[in-house]
Amino acid sequence: MKTNSLDFDAQALREKILDLAMRGKLVPQDPNDEPASVLLEKIKAEKAELIKEKKIKKTKPLPPITDDEKPFDIPDSWEWVRCKAVTTMGNFKTVNPSDIQIGENLIELADIEANSGHLIKEEIVTSTVGSNKYVYTRGAS
C-alpha cells in the first residue's frame, strides 16, 4: 500500500499536542492571567474547609518538588505541584450506604479509567445505595 504526505499517525499527533499543552507552548501565555500561585492558595483554602467540615481527612505535608523531578521547563506563572496537593483523590471518607443522601456525587473505582485516571462515569445518587462508597466534593466546572 502506497502512503502519501496526507497520511499521519493520529496517536503521535495527540501526544505532541498534549506535550505542547503541558509545557505551556500550545498557545501564547497571557501575562494578565492569574498566576498558578493564586489558584493553589484557593485550592489549599478549599481543602482546609473540607477538612474542617470532616468531609476529607487531613494529610501529612508533601515534600517540595526538587529540580531533579521536573522533566521540563514551564512558563514562569505556572508551578510544579504534587497531584495530591490539588486534588482530594485518595483522601475520601468512606461512608455507610445509609449516610449517602440523594443528590450527592458518587464514584466507584471502576468509574476511573485505569491508565489515564479519566472519569468514565459520574453518578448523582437518585435512590438508596447498597454498599459502602466514597463521598467526594465536585469542584467547579
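A: Leu-119 is partly exposed, with a relative accessible area of 40%, where partly exposed is the range between buried (under 20%) and exposed (over 50%), taken with a 1.4 Å probe and protein chains only. This is a predicted model, in which local features need pLDDT of at least 70 and side-chain atom pairs count only at pLDDT 80 or more, while totals for chains, interfaces and linings use all residues. Residues are numbered from 1 along each chain as its sequence is written, and side-chain values use heavy atoms, with hydrogens and water left out.

The loop that holds Leu-119 runs between strand E2 (105–106) and strand E3 (123–124), helices being DSSP runs of H or I with at least four residues and strands runs of E with at least two, numbered from the N terminus. Leu-109 sits ten residues away from Leu-119 along the chain, and the C-alpha atoms of these two leucines are separated by 9.6 Å. In the protein as a whole there are three helices and four strands, arranged from the N terminus on as α-α-α-β-β-β-β, and 16% of the 141 residues are buried.

Another leucine, Leu-13, is found in helix H1 (residues 10–22) and is partly exposed, at 43% relative accessibility. Together with Ile-17, Leu-26 and Val-27, Leu-13 makes a nonpolar surface patch of about 350 Å²; members of such a patch have over 30% relative accessible area and no salt bridge, their nonpolar side chains being joined within 5 Å.

Charged side chains are the next topic. Side chains of opposite charge can pair when their charged atoms come close. The structure holds four salt bridges, each one a side-chain nitrogen of Lys or Arg within 4 Å of a carboxyl oxygen of Asp or Glu. One of them joins Asp-19 to Arg-23, with 2.8 Å between the closest N and O atoms; Asp-19 is partly exposed at a relative accessible area of 24%, and Arg-23 is partly exposed at 26%. A further salt bridge links Glu-34 and Lys-42, at 3.2 Å from N to O, and here Lys-42 has a relative accessible area of 47% and is partly exposed, as is Glu-34 at 46%. Asp-67 and Lys-70 also meet in a salt bridge, their N to O distance being 3.3 Å; in this pair Asp-67 counts as exposed at 60% relative accessibility, whereas Lys-70 is partly exposed at 32%.

By type, the lining of the second largest pocket divides into 13 nonpolar, two polar and seven charged residues.

Note on methods:
Nonpolar A, V, L, I, M, F, W, Y, C, P; charged D, E, K, R; others polar. Patch = residues over 30% accessible without salt bridge, like charges linked within 9 Å, V, L, I, M, F, W, Y side chains within 5 Å. Areas by Shrake-Rupley, 256 points an atom, 1.4 Å probe, with all protein chains shown as cover.
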